[in-house]
Amino acid sequence: MLRDTRATQNNGMLAVQLEQRLGNFHLNVDFQVPLGLIVLFGYSGAGKSLTLQSLAGLLRPARGQITVDGQVLYDSQAAIDVPPQERRIGYVPQRYALFPHLTVEQNVRFALPATPFWSRVKGKSAAHAERVAELLDALELQDLAKRYPGNLSGGQQQRVALARALAAEPRLLLLDEPFNALDASVRERLRDALKSFQRRFTIPIVLVTHDHVEVQQLADTVIVMQRGRVEQIGSVQQVFFTPRSAAVAQLVGHRNIFGGCIASTRTTARDASTIHEKTEEPGQAIRLNWLQITNTQAQVVAPQSNEVNGCWLPLPFSASSASSTQSVARVPVPETYVSGCMLASEMLLHRLPDGEQPPTWTARGAALWIVELREANIQGASMRLLVRPLWNGPLRSPASQNVPEGLLEVYLSFSQWRAIQVEPGERLLLEIGPQAIHLFEELPPGGKIQA
Amino acid sequence: MRTSRNGGSRSLALLGGLLLLYLVAPMGYFLFTLSWRDVPAQLADPVAIQALITSLLSATLAIVIIALLGVPLGYVLARKDFRGRGLLTLLVYVPLVFPPVVSGILLLILYGPYGPIGAPFASAGLELDSSFAGIVISQIFVASPFVIIAALSAFEAIDPALEQVAATLGKGSWEIFWRVNLPVARNSIIAGLLLGWLRALGEFGATVVMAYHPYTLPVYLYVQLSGTGVSAALPLALLTLAVSFVGVGLALLLQFASRRRKLRQDERVTPYAS
């Protein structure tokens, strides 16, 4: 049999490359990730379930290659297509698909090889019964062994489906929206249960979901899918903190997504040695980027790398206003700044009295954005702001139905802001946390981020 | 103008009640007018007993054959995607609406002593018409749609995810059919088989054309009716009525049971806390 060279190098990896056309929908997926708890994340219709079914062998891709832990399961070029029966891949569909005519025990038993009635060796049956009992025990289903699926709660059904899938000793477990059929109140707990389940059985899992909370709670590796393609691959931190596109930012639940442009960029590797620093926590080195403000411009530089560009952001400083001792202010910005996502580590909102020019800044006022506050609604600890950016770079707001031209709508949840200075009637100085605001160059001109 | 909401449903009930009355009246009056004292003697008529045995045997044989061939057909029509499936499904329904006599004529042309299939058998001394075989042939023709349609809709109602999961658990398609599809569809199929069996048992139109002899119960009933008169046919009618009642009752019970199981399943779509 032909063996692909990739196969031998792919131990501990899930390598998938698929192409399939279904009507108008074009599935074109390519990823290679370490086995663990892999989450396929995207809106419904992104092709997640189709990818899952291709992994299980229930759907045959037109072209491609699937390799699990070094074993080729599908390779269109080498004409390899292992049937689902021999893939040893467990599949738990959305509604669990328990066999309604079998008890919990029989459902689990179903996964073991059948012993035909004419060759029912006592020993073999006993071995099977023991294995079933073990699994029921492990998933706390002993008391339900004689019940039918119709009489089980969603959580119980899920456990039965997991036990049944495990009984076949799969090398990989596929879960299609496993918490979708459950009440919100149960979900949280069952997510925890799944995580500990995975640790306990040390089985790699591919999980499909459109819920970003699930991703945060479960994923080792996130594969973000959109319209049949892989949009981003990474850890939870990478995907959430540096979404590669506006669509991903929206998918992971960020609210303040704007289209904007960086006025100019340039490589600033020469500055690297001077501004690389460590965090205060001992033993944990985190690379920092700095927002450097000189007289009239803000510069973000990325140390340690020639590939990453620093960004120049024009700020509305007049030379005189910044000519104090603080003419150069440094404000730390997370590393994530440079990789496509623009974060304001600190944002200053200033409410201007009528007819007044932007005020001079204190040292505290080093900021990425300087905006004029037009309207603020504070509800509980959350805030909705309408602001007007005070610089000339083009800035767009997506899907702004109720927002007047030239203004941006910003939502801040309780954890994303704190007031650092309040002067009633005149000034409101806010510090806004990282991850609150995202700026993308490639935001579609129509402003509507497509699902 | 005042129209009470009750008034509407009451007139609907009235309309339905009229039809129900129409359906029940003949049976009720029949039971009322029957001279119960003569029933045992008339049922002891050896020809009647022979006819009953013929009917039971032929209908049972017919339904066994239908089950062996019709359930797989229902599965294929429900699950396999191929060209002409719609046309095939239509063809399956057709014998249901044929006038039974027409069915009998069609069968006679093919299986009769001069038909392309009947002739070789006839020359070998095995007549396919006017024989037990003829009865079974006509019963299969008229009764199989019940079974095929019941099986088709039962298989169609099964979530394909069950089969997919079974496949990932290492089960081949034959094993999946036997251990998943068939057991899940069981009740509906049995109900279909019961209805088909009753249809075969009561078959008259096609049978009387294909195989006047040996008498089945309906044919003998007709013979008695045209020969001796209504009074002679009444006890036989009672017998067929009784069999029908039991059969339909069983079929409905099975359908009810399977629907309730399905309902229980659906209730759990948004399940409660475990």
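Which loop of chain B holds Pro214(B)? Pro214(B) lies in the loop between α10 (205–210) and α11 of chain B. The legends below refer to a predicted model.

Figure 1. Most peptide bonds are trans. The loop that holds Pro214(B) runs between α10 (205–210) and α11 of chain B. Helix α11(B) spans residues 217–227, and its buried residues are Leu217(B), Pro218(B), Val219(B), Tyr220(B), Leu221(B) and Gln224(B). Just after α11(B) comes Gly229(B), with a positive phi of about 120°.

Figure 2. Strand β3 of chain A covers residues 37–41. Five of its five residues are buried, so the strand is largely enclosed by the rest of the structure. β3(A) runs parallel to strand β9 (residues 205–209) of chain A, and five bridges join the two. It is also joined by four bridges to strand β10 (residues 221–226) of chain A, again in parallel. Phe41(A) can be followed into both neighbours: its bridge partner in β9(A) is Thr209(A), and in β10(A) Phe41(A) stands opposite Val224(A).

**Figure 3. The largest nonpolar core and the surroundings of Val108(A).** The largest nonpolar core has 129 residues. The residues with the most contacts inside this core are Val39(A), Val108(A), Ala163(A), Leu174(A) and Ala151(B). Helix α7 (residues 132–156) of chain B gives the largest share of the core, 16 residues. What does Val108(A) touch, leaving aside its neighbours within four places in sequence? Val108(A) is in contact with Val132(A), Leu135(A), Leu136(A), Val160(A), Ala163(A), Arg164(A) and Ala167(A). A second, separate core of nine residues includes Ala48(B), Leu52(B), Val219(B) and Leu221(B). Of these, Val219(B) and Leu221(B) are also among the buried residues of helix α11 of chain B.

**Figure 4. The side of chain A that touches chain B.** Across the interface, 28 residues of chain A are in contact with 25 residues of chain B. On the chain A side, at least two residues each come from α3 (84–87), β7 (89–92), α6 (154–167) and α7 (184–201). α6(A) gives the most, with four residues. By residue class, this side of chain A divides into 16 nonpolar, 10 polar and two charged residues.

**Figure 5. Two loop residues of chain A with positive phi.** Most residues other than glycine have a negative phi. Arg88(A) has a positive phi, near 55°, and is found in the loop between α3 and β7 of chain A. Arg88(A) has 18 C-beta neighbours inside 10 Å and therefore counts as partly exposed. Glu140(A) likewise takes a positive phi, of about 55°, although it is not a glycine. Its place is the loop between α5 (122–138) and α6 of chain A. Because Glu140(A) has 13 C-beta neighbours inside 10 Å, it counts as partly exposed.

Figure 6. Chain A contains 11 helices and 25 strands. Chain B has 12 helices and zero strands. Of the 451 residues in chain A, 41% are buried. In chain B, 34% of the 274 residues count as buried. Among contacts in chain A between residues at least 6 apart in sequence, 64% join residues at least 24 apart. In chain B, residues 24 or more positions apart make up 77% of the contacts with a separation of 6 or more. The C-alpha atoms of chain B fill a box of roughly 70 × 70 × 40 Å along the principal axes.

Notes: Residues are numbered from 1 along each chain as its sequence is written. Chains are lettered from A and ligands numbered from 1 in the order in which they are written. This is a predicted model: local features need pLDDT of at least 70, side-chain atom pairs count only at pLDDT 80 or more; totals for chains, interfaces and linings use all residues. A residue is buried if 20 or more other C-beta atoms lie within 10 Å of its own, exposed if 12 or fewer, and partly exposed in between; C-beta atoms are placed from the backbone. Two strands pair if DSSP finds at least two bridges between them. Two residues are in contact if their C-beta atoms, placed from the backbone, lie within 7 Å. Ala, Val, Leu, Ile, Met, Phe, Trp, Tyr, Cys and Pro count as nonpolar, Asp, Glu, Lys and Arg as charged, and the others, Gly among them, as polar. A nonpolar core is a set of buried Ala, Val, Leu, Ile, Met, Phe, Trp, Tyr and Cys residues joined through C-beta atoms within 7 Å.
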